[in-house]
Amino acid sequence: MSVHVIDRLVVEDEGEGDAVVCLHGLGGTSNTWSPLMPALAGHRVIRPDLPGSGRSHGAGGPLSIEKMVEAVAAICTRLNVSRAHVLGHSMGTIVAQHLAVAQPRLVRSLALFGPLVAPPDTARANIRARGEKARSEGARGMHDIALALVNASVSADTRQRLPVAAAFVRESLMRQDPEGYARNCDALAACTPAAVERIEAPVLLVTGDEDVVAPPQAVRNMAERLSRAKGVRTVILNRCGHWTPIERPEDCARELRQFLPAQR
């Protein structure tokens, strides 16, 4: 594995083969994808910590989804990637959709976990409030945010049967830089939907039946909007919340093993 620092962003670059770019969500890092790495064997896997997150928290300035898209495109340019499968989780799915619209030649396919086009209006105020809590209360605020989100976004079945998965989510959130997390909240709360009707790449959509961020019906509605995509597969995982790659890694890996080889 190589670790690059590109425009103050930390990027992991591992393996050989067709490129796969993995984009984590709010409160995530490149480690969101660690459980799925065996399914990506035979590929070159590029996993950035997005601006304001994880080891890239020092990438300063206001954030927006558009700036994240620009950052991902710049990473691909620096690493000589002209065509890539793009994986996204949660907020990373929004970045991936905008990237597919802005640079269709770059995006070979989309595999989106816990996907959403944009937060509903009712959620935006809560996201902004969460960011303000992180900004004003620091580590104590991140502790409270982590506990609340584990209870809200991880399924009861996962918390009971797979406590290590719940612990991973808690740790991922608690280890975020509070200001960086707040700036990501600002970006997510202000984001606009991508013109998904223009996406032509094949798309895999995976969500949990208990995902309150990307509920099944909203994901089905999203699938209907992807009318120009060269194939759309929608998968609903049982007893699963929003952190699909962490809560149900075997199921997500199975879907990737079927989806990626089919995209030629």
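## Buried aromatic residues

A residue counts as buried when its relative accessible area is under 20%, as exposed when it is over 50%, and as partly exposed in between, with a 1.4 Å probe and protein chains only. Trp33, at 0% relative accessibility, is therefore buried. Phe113 also counts as buried, because its relative accessibility is 0%.

## Basis of the model

The model is predicted, so local features need pLDDT of at least 70 and side-chain atom pairs pLDDT 80 or more, whereas totals for chains, interfaces and linings use all residues. Residues are numbered from 1 along each chain as its sequence is written, and side-chain values use heavy atoms, without hydrogens and water.

## The aromatic pair

The structure contains one aromatic pair (ring centres of Phe, Tyr or Trp, the last by its six-membered ring, within 6.5 Å; planes under 30 degrees apart are stacked, over 60 edge-to-face, the rest tilted). Trp33 and Phe113 form this edge-to-face pair, with 6.0 Å centre to centre and 70° between the planes. Because Trp33 lies in the loop between β3 (18–23) and β4 (43–48) and Phe113 in strand β6 (residues 107–113), the pair ties together parts 80 residues apart in sequence. Strands are DSSP runs (E, at least two residues), as are helices (H or I, at least four), numbered from the N terminus.

## Helix contact

The axes of helix α1 (residues 65–78) and helix α2 (residues 91–102) come within 9 Å and cross at roughly 70°. Helix α1 is therefore roughly perpendicular to α2 (65 to 115 degrees; under 35 is roughly parallel, over 145 roughly antiparallel, the rest oblique).

In α1, Ile65, Glu66, Met68, Val69, Val72 and Ala73 meet Met91, Ile94, Val95, His98 and Leu99 of α2 (heavy atoms within 4.5 Å).

How values were computed: Axes fitted to C-alpha atoms, helices over the stretch in contact; angles between N-to-C directions.
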